[in-house]
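The structure comes before the notes.

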Amino acid sequence: MPKVSINLLLKKVGLNMYNSFLKSELKKTFRDPMMLFMFFSPLLFGTMGRYVIPGLAEANNFNLMLIADYIIAGLTLMIPVLYGALIAFSILDDRDDNVITSVKVSPLGLNKFLSFRVVFGLICSFIGILFIMWFSDIATIALKDMIIISFLACLATPIVGMSINIVASNKIEGFAGIKGSQIVLLIPLIALYFKDYKELFFAIIPGFWPAKLINIAIRGENFSYLTYNSYLIIGLLYMVLIN
């Protein structure tokens with residue numbers, strides 16, 4: 001068989017397998033209530049940012065701008081954790097069903113199989129974070145900053161997903177890992193209180209970097225220790241290194 005025909009055949013097989021993976025991923029998500037909640041969580045958090053939180057603030061005559069960066073950071077940084085958990089649970093399911101063993105001998109191999117999961121989670125996370133910032137009615141953030149922040153924040157998704165898989169052998173242990181990730185989520189919010197070098201003590205947490213970008217996008221650089229570009233470049237390098 002000519003070499004070109006073999007390459008075309010392999011590409012077709014690969015595309016069919018990716019299509020099968022996508023269908024399988026969606027089926028697993030929609031049959032599990034917890035995974036379904038995670039998948040649609042941006043709609044919930046976006047609604048909170050649009051109606052619930054502003055409504056409560058108006059009813060109590062409270063100025064949301066005083067804590068706008070904390071609220072938006074809290075809502076958006078939940079998304080990489082939840083979509084990371086989706087990646088983790090999906091892989092844990094495959095481990096339980098011995099799918100991983102079958103994938104190892106398939107034309108795609110394990111690396112491409114896991115890469116599909118990671119890319120799927122990254123895309124969903126990016127869209128979810130962007131939606132929350134755009135739909136929320138708490139503070140005005142430029143579209144360019146929304147895109148940059150969403151890209152940086154979504155890079156934490158595979159970090160969460162793979163970290164859970166390192167420590168968990170089933171979904172029950174994985175759920176405990178999510179709880180731990182949510183506690184870690186509070187650390188970047190605490191870092192926003194500091195405006196000097198002390199904030200860097202919290203920089204080991206991936207969410208610190210997008211949280212600081214949100215802080216500057218709302219309040220300006222006068223309220224931060226480093227510049228916007230510094231947080232972006234260092235944060236991007238740090239996230240890529242961890243991944």
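**Nonpolar patch and salt bridges**

Tyr197, Leu200, Phe201 and Tyr225 make a nonpolar surface patch of about 450 Å². Patch residues have over 30% relative accessible area and no salt bridge, with like charges joined within 9 Å and nonpolar side chains (Val, Leu, Ile, Met, Phe, Trp, Tyr) within 5 Å; areas are Shrake-Rupley values with a 1.4 Å probe, only the protein chains shown counting as cover for residues. The model is predicted: local features need pLDDT of at least 70, side-chain atom pairs count only at pLDDT 80 or more, and totals for chains, interfaces and linings use all residues. Residues are numbered from 1 along each chain as its sequence is written, and side-chain values use heavy atoms, leaving out hydrogens and water.

Patch residue
- Tyrosine 197 lies in the loop between helix H9 (171-191) and helix H10 (208-219); helices are DSSP runs of H or I, at least four residues, numbered from the N terminus.
- Its relative accessible area is 47%, partly exposed (buried is under 20%, exposed over 50%, partly exposed in between; 1.4 Å probe, protein chains only).

Salt bridges
- The count is 3, a bridge being a Lys or Arg side-chain nitrogen within 4 Å of an Asp or Glu carboxyl oxygen.
- Aspartate 69 pairs with arginine 219 at 3.0 Å between the closest N and O atoms; aspartate 69 is in helix H4 (residues 68-96) and arginine 219 in helix H10, 150 residues apart.
- Aspartate 69 is buried at 0%, whereas arginine 219 is partly exposed at 26%.
- Glutamate 199 and lysine 212 meet at 2.8 Å, N to O.

Cysteines
- Cysteine 124 is buried at 14%, as is cysteine 154 at 4%.
- The whole structure has 0 disulfides (cysteine sulfur pairs within 2.5 Å).

Conventions: Helix = DSSP H or I, 4+ residues; strand = E, 2+ residues; numbered from the N terminus.
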